[in-house]
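Hello,

Here is the structure I said I would pass on. Please open it first, then read my notes below.

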Amino acid sequence: MILRYTFQRLLMLIPVSFSISVVIFMIVYLLPGDPIDNLLRVGSSAEDRAELVARYGLDRSLFVQYFVWIGNMFRGEFGDAIVLRRPVADLVAQNLPYSLTLGGLAFLFSSTVGMALGTISAIVRQPVLDRLMRGFILLGSTVPGFWLALLLILFFSVNLGWFPVSGAGGWQALVLPVLTIGFGGVALVARVTRVALLDAQREDFVTLLHAKGLSSGTILFRHLMPHALLPVVTILALRIGWILGGAVTVEFVFGRPGLGSLLIRALGQRDYPVVQACLLMLALAVMLGTLIGDVAQAAMDPRIREKKS
Amino acid sequence: MLSVRDLGVAFGMVQPLSGVSFSVGKGETLGIVGESGSGKSLTAMSVMGLLPLSGGRITGGTVEFDGQDLTKLPERAYRKLRGGRIGLITQNPMTSLDPLKKIGPQVDDVAKLHLGLDAAAARARTEEILGTLRIPEPALICDRYPHQMSGGMKQRIVIAMALTADPDVLIADEPTTALDVTVQAQIIRLLDDLVKDRDLALVLITHDMSVVAQTCDKVVVMYAGRAVEHGPVEAIFDHPRHPYTQALIGCIPRGLVEAKRLTGIEGTVPTVVNYPDGCPFHPRCPRAQAVCATEPPAFSVAGDSAAACHFAEVAHAEPA
Ligand SMILES: Nc1ncnc2c1ncn2[C@@H]1O[C@H](COP(=O)(O)OP(=O)(O)OP(=O)(O)O)[C@@H](O)[C@H]1O
Ligand code: SF4
Ligand SMILES: [Mg+2]
């Protein structure tokens, strides 16, 4: 049943991916500036320019360009970067692992720490702890990532010298970026976990669980947590996109290689094929995240499984 | 078997329950009746030791079960009783099972906890109990989720959970209120049979005086967090001595009665914060005198029954 459900969701992604591909393709044309300008040496003639435009197929109609592009995407041919003069596929392959590591760790960090904090704050009814928790949650959901990154760098790297200011060498270089991206996630997940647990505690069936003679601990872990997990999974799945978005600025601030840095550099140079490939990867990750979230929900909740399949 | 004496309950500063007493023995059914908000569920929760869940506490009185006072029982020992020797059935079967878990495991828990059975033996016990409750195809039901079953079926599952460990006392808090009329009758009959077959002591909480008349041996009438009259069912129905009880019984000829919509008496049950002084019933009582507004009435005993009313005898002399 869950397989059929997954398959259905996958089918639904086809029209979505199509519209996203159109949007990504169009965004690039709305950007000001022209990559050809970057390629032309000073004093080049109009003929030089025309030749370059023809080489990259920029003289054909938008419509044709789109289909050429999407066709190439399907065959896994991302083309060559205009400015960097290398296969786009190579660039992506080179940068993707950095982003995946960073995003994966940030995801792990925000889900585990967030759920732990949320659970603690839900079961320990202590005014002081509660106040602290809420403060943290508020802070976490309002502080912008790049600002936090700069603060962390100032304190831990510049003042204390514990972690490198920038770069990608060793685990130390990962600590601050992961903290930066994960921080907002921790607060969000903690809040959702807390609210979901408190809601679950109020459900009628909890009274009956106690009436069976189960201990509070058993009830928490076997019955309440699964209920709390439902909204947490939803939020985490949506968070995948956010984390990648966060990676874009954070990689840049910390001078780390990765899809985000690549994207920003390519944007600066109006390197269309690279920008398109990066955006496509990000969109793909977001769609995949949503898919995983939906499937996980269906796996956990028999009611959803039945309603949608 | 179970004997509650002068029970009082408080949430912080408010005291929604006080002076509630009753007792049930094996093979006996005690009915607790009263309008919504009269403290019936609080009484049930007190006996189960589950008041802390909603932030309440027992402020006075005793809950004696099998010779020990449960109000002084440590939580660990209480857990052995809950679901083991005292079973609970709640009002709304639609929400009383965990929607994410299959039926089987939810019932198995009881046998594992209280009978010390392993998974396979617990499942066998579950299927046996479902069978005795006349639930068709127990093995199939065990593999279902709660949302795939009707309300009546779910209530049977809840009853099965309460019975798995062969308890001495069963507390049923409005077990049929949320069900269809035909299913209501089935469930009530089922409970009635169980009391006879298993020598259970049943505390049946209900709105419905006609159910009390059919199934109960004894009855406690509650009003505004107090027991206002108690005694054997025949005595109470033949000679109700408290004006409130009279009004409740006066409602019966109007067909299927729900005290929830008590048409015989003007006004509504006061909320906890404005329980009146004196007799809690006096603002609505057709017999109220000046003394009723100031002096809380003591129980006046007549035979096996007792009524908390200054003019209980008068009430007896001229039934409403
Ligand atoms: N958690 C709580 N905090 C404060 N007051 C409460 C709480 N729970 C119940 N009460 C009060 O106790 C009184 C009795 O409630 P209870 O649920 O026992 O009524 P009931 O007789 O079971 O009514 P119903 O027929 O509607 O189930 C009500 O007036 C209610 O306001
Ligand atoms: S004590 Fe007075 S007010 Fe209360 S029930 Fe009796 S007559 Fe009515
Ligand atoms: Mg109730």
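**A salt bridge between the chains**

In this predicted model, the side chains of B:Asp109 and A:Lys212 form a salt bridge, with 3.5 Å from N to O. That pair belongs to the interface of chain B and chain A, where two salt bridges are found. Polar contacts are there too: 10 residue pairs between chain B and chain A, counting pairs with both residues at pLDDT 80 or more.

Which elements of chain B give two or more residues to the side that touches chain A? They are helix H1 (40-48), strand S6 (86-89), helix H3 (103-114) and helix H6 (151-163) of chain B. H3(B) gives the largest share, with five residues. By residue class, the side of chain B that touches chain A has 14 nonpolar, nine polar and five charged residues.

**The interface as a whole**

On the chain B side, 28 residues are in contact; on the chain A side, 21. Together the two chains bury about 2200 Å². Carbon and sulfur atoms give 63% of that area. Three residues stand out on chain B: B:Arg79, B:Leu100 and B:His147. They supply 25% of the area that chain B buries against chain A, more than any other three residues.

**Chain A**

How many helices and strands does chain A have? The count is 13 helices and zero strands. From the N terminus on, the elements run α-α-α-α-α-α-α-α-α-α-α-α-α. Along the principal axes, the C-alpha atoms of chain A fill a box of roughly 85 × 55 × 30 Å.

One helix pair in this chain is worth a look. Helix H5 (residues 88-123) of chain A packs against helix H6 (residues 127-142) of chain A at an angle of about 145°. Their axes are 9 Å apart. The crossing of H5(A) past H6(A) is left-handed. From H5(A), the contact uses A:Leu117, A:Gly118, A:Ile120 and A:Ser121. From H6(A), it uses A:Leu129, A:Asp130, A:Met133 and A:Phe136. Five residues of this contact are nonpolar, two are polar and one is charged.

Best wishes

Note on methods: Residues are numbered from 1 along each chain as its sequence is written. Chains are lettered from A and ligands numbered from 1 in the order in which they are written. This is a predicted model: local features need pLDDT of at least 70, side-chain atom pairs count only at pLDDT 80 or more; totals for chains, interfaces and linings use all residues. Side-chain values use heavy atoms; hydrogens and water are left out. Axes are lines fitted to C-alpha atoms, for helices over the stretch in contact, and angles run from 0 to 180 degrees between N-to-C directions. Helices (H or I, at least four residues) and strands (E, at least two) are DSSP runs, numbered from the N terminus. A crossing is left-handed if the near helix is turned anticlockwise from the far one by less than a right angle, and right-handed if clockwise. Contact means heavy atoms within 4.5 Å. Ala, Val, Leu, Ile, Met, Phe, Trp, Tyr, Cys and Pro count as nonpolar, Asp, Glu, Lys and Arg as charged, and the others, Gly among them, as polar. Buried area is the accessible area (1.4 Å probe) that two parts lose on being put together, summed over both. A salt bridge is a side-chain nitrogen of Lys or Arg within 4 Å of a carboxyl oxygen of Asp or Glu. A polar contact is a pair of N or O atoms within 3.5 Å; within protein, one must be able to donate a hydrogen and the other to accept it, and residues adjacent in sequence count only if both atoms are side-chain atoms.
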